[in-house]
Amino acid sequence: MRRRSVLWLAAAALALGAIPLGLLAYFSVSRSSGALRAEVEQRVDATAAIGATLVQSDVSGLTGIVHSYARRPYVLAALDARTRGRAWAQQLAGQLRELRQARPGIATTFLAEPNGRLIAIDPLTPSIVGKDFSFRDWYRGVMRTGRPYVSRAYVSAATGRPRVVAAAVPVRDGGRVVAILVAAYRVGHIQSVVDRLSESDHVRLMVTDQQGTLLGDPARTAGLVSRRNDPRVAAALAGHSGVLTLHGRSGTSLSAFRPIPSLGWTVSSSVPTRVALARIGGLRTTVVGVTAVLALLLLLGAAAIARALQRREQIEAELGRQATITRAVLDGVRDAIVLLGSDGEPMLANARLREHVADLFGSLPPDLSRAETDELVATYTTDPAAYLDVLRRERDDPDAELVSEHEVASSRRSFVRSSAPVQDESGARLGRIVVLREVTAERAAEQLKTDLVATVSHELRTPLTGVLGFAELLGQPDLDDATRTRYAETIHTEARRLTKLVDDFLDLQRMEAGGLKISLDVIDLRDVVRRAVDLFRPSAVHHTFEVDLPGTPLEVAADPARLAQVFANLISNAIKYSPAGGVIHVGAVSVDGSVRISVRDPGIGIPADQQQRLFSKFFRVDSSDTRSIGGTGLGLALAREIVDAHGGRIGFSSVEGEGSTFWIELALGETQAPVRPRVLVVEDDPGAAELLVVYLQDEYDVEVVATGTQAIERARKRPPSVVCLDIALPGELSGWQVLARMKGDARTAHVPVIVCTGANGRRRAAALGAADFLTKPFTNEHLLETIARLLPDRGGDVLVVDDDATVRKLVEATLGDEGHAIREAADGAEALEKIAERRPDAIVLDLVMPRLDGFAVLERLQASPDLRAIPVVVLTARVLGAAERQLIGARAVSLLEKSDYSPAELRRLIRQALGQEAATAA
Amino acid sequence: LPRVLVCDDEPVLRALVRASLERDYEILEAHDGTAALRLARDRQPDLIVLDMMMPGKSGLDVLAELRTEPRLTRTPVVMLTARAQVADREAAADAGADRYLAKPFSPAELVAAIAELLESRRR
């Protein structure tokens, strides 16, 4: 389209240049050819006139001679002698010969009787002598006028039969016509007379007689040729003279014609236009040549212009493309970037900056000056003076590179602001680039770390002070034994406390780093609970236990040692926080495929305002003298990590002053129904949230949170199958930030997020990695369909290969929840049979097995092109060497050592394996 | 006997202070800041040993309130803290603490500090 417009433009320029050029050439040729033509016409006309005069004078000269001979006495004398019968012929013949030779061009001369009979002729032609020629024009002309007469052309009867005109003169004797003397004049001679004129200038003259007969010797015929139909001849015969253009076979000619009145003849002159206007041709050639050169230059110019325009368009397109790329790169950066001109006005800003401005200030009043804007922005920071100082330093020293940090007062968001001068290629200053990097999270993390260090320091130093202090006091010489014992016991207690603190803390650190080792077994939960209670019975002399467990086994896949740790924690808390004599109730109920174990105490309860922080590290209920209870403040945090690692839930209900009930929920290993996919709904509006729950609860487990912080926390702890995310959320984080953080965190990046909002932002959602975007209001069907589409296909065919039946059972229990069809094989050979029977979608493979081991199975799979793609999760208790790891790494999708085993991890690996295969196949 | 008020949320630390001082001083114990202020007003101790990091009112909060009470303005205060940073020391000094002991501290050191403070106050 653009290319075409360029061509049009060039064509227009060409036309604009070419039209005047053409007109100039045309007029210059036309004007000069007009002048030349007039000149040629004039010359042709003059030639015709001269020709006419020449012919007339020639013919009248002839007539004059004939007339003079007619009056000669010799002629009369000869006639008289003839009459008298005397010799006359000799004399007359001499006269006639003389006359014939008097002028060139005379073919014959003869004398006729008044009745037209021929008397004599020279040269002698006896055959016609005596014949009557009264029919001839010359005879009739002379007899009619009685005067000399020039006849029209005829073919003479004399020797040679020349084409002639006759000049006839009456011979009178005393007024009586006694004879007629005639000189027959060759028409060819007349032609030769005028031809002398036409020798130059290519002008040809044509003379006709009064009948329009050509007076000339055309080569083609011996007879006469009539030119009566020639328009020139016809016009001249009618008495006209003039000039006209003739178009003939040999080309165009310019012609003049005029009558010769005295003879009744016509003369026409003509010159071929080609010749006459040859000079015009030269001029035209020159003009056309010059014009062509000019036109060529014009064309080249137009082409050059077109090319330049086209190049410019290409450059513009390239610039546009570059700008798009630059924009995309800028907008893709997480930092906010703005380029300020030398005047401090923004020249370029990326999406993140506009976002920040909108988030922080809403819309800035548009008509503010630069300084006013800076002042206004400064007021939003916690230290306006510092902000303005940075701006002042930038103004004072344009070369300064400054880095400063500012905090937004309202939202407590922190930004590091870096600014540096920007120069173009020539070194001229363009302005200043300012980059704002949000460091809120980093600062919060730092603060958290500082607080943690302070807390840990405090928590560690307290028992340490006890140990060191009492140890010092023990050294006093005058202590009694009882005091000494008491001091020693205190030292022991505090040292144990210190040890536990260190253990718990390190455990917790490891768990949080993802390194929690739980080894799952199928166990009866009742045993674990009973053992935990039994452990406390001896020491808890002031409390009574009430244990209420079902009569049937509660089989779960769990790490019994870790679960014991959790129960010990809950029971110990129950003892610590309830008065002496209280009854501690420990019970278990199974509901819907999961079991809930609860520990209830009649203790002091937890104040409502502190309940939220209950699972935080080092948190201890802050109430009168709770410190005397002891504890590390890490127990519940640890318990939560352990329960999470089991894929379970932990929670409590409590009323201050009345007691608390803590519970954990675990999935039952055997009897449980397939675990349903979990949807995390992030929605602050209770009505909307309730509606979503109604929509979803038939097919999914639904969890609702109201704020972004909670959403992220929950998603990290236990990644849901899908997140439905509202955008307008109360609190620190908007839905966009929740989305960005989830996608930026390896633990939650894989969870599909559906943005459910009443506002716009589909593109932004997609850019941030949302899986889909639903605009409120949406229908139940639409929501369910969207979620169903995003969930991974369930029900893969998984082959579990292990010689240990317990492990197979465990894996089956774990994966059965996911909807997979599980087949089992007790060794490698059986596995290959099962694979041959039906190709599984994934294989969970033990390495050390009888008959055929896992390495061999991997090798067989690798050897078959069809089976090579089956994802394999190697599950092994064996500690692998580097070489073995490499061997497996090349063939298996993933490796899970049994010491690292957790159901969640196995589920994740299988999901990943199935997804991966789908991706490879696609 | 001179009267010393000990305020710390950790029982073991109160026990340690008591064990260190009980021969020469009458000891009052408070497990948090509120209790400490009440006891200080009611019993007019000669010296206060105050933990800095406590739930609820911190040691610094308590000290600030003490310094607004006319009768307690000049009561010597020994701050106990787990924090060992200069900033904390300065914060304690700014709030009007007379001595600063970082945990873990030596009982002898505490005894010496208290004796010295009471001695100088007496003069």
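**A parallel sheet and a loop-to-loop link**

Reply: Start with one pair of residues: A:C724 sits opposite A:I754, which belongs to strand 26 of chain A. Strands here are DSSP runs of E with at least two residues, and helices are runs of H or I with at least four, all numbered from the N terminus. Strand 25 (residues 722–725) and strand 26 (residues 753–757) of chain A run parallel as a pair, held over three bridges. To count as paired, two strands need at least two DSSP bridges between them.

Before going on, keep in mind that this is a predicted model, where local features need pLDDT of at least 70, side-chain atom pairs count only at pLDDT 80 or more, and totals for chains, interfaces and linings use all residues. Residues are numbered from 1 along each chain as its sequence is written, chains are lettered from A and ligands numbered from 1 in the order in which they are written, and side-chain values use heavy atoms, leaving out hydrogens and water.

Now the whole sheet: five strands of chain A line up as 24-23-25-26-27, parallel in their pairing, and the sheet is open. At the edges are strand 24 (701–705) and strand 27 (772–775) of chain A, each with pairing on one side only. On average, neighbours in this sheet are turned by 20° against each other, ignoring direction. Helix 17 (residues 686–696) of chain A packs on the sheet, where it touches strand 23 (678–682) and strand 24 of chain A, and its direction makes about 170° with that of strand 24. Contact means heavy atoms within 4.5 Å. Axes are lines fitted to C-alpha atoms (for helices, over the stretch in contact), with angles from 0 to 180 degrees between N-to-C directions.

What about the loops? A:K776 and A:D726 meet through their side chains in a salt bridge, 3.2 Å from N to O. A:K776 lies in the loop between strand 27 and helix 21 (780–790) of chain A, and A:D726 in the loop between strand 25 and helix 19 (735–744) of chain A, so the link joins distant parts of the chain, 50 residues apart. A salt bridge means a side-chain nitrogen of Lys or Arg within 4 Å of a carboxyl oxygen of Asp or Glu. A:K776 counts as partly exposed because its relative accessibility is 30%, while A:D726, at 6%, counts as buried. The cut-offs are under 20% relative accessible area for buried, over 50% for exposed and partly exposed in between, with a 1.4 Å probe and protein chains only.
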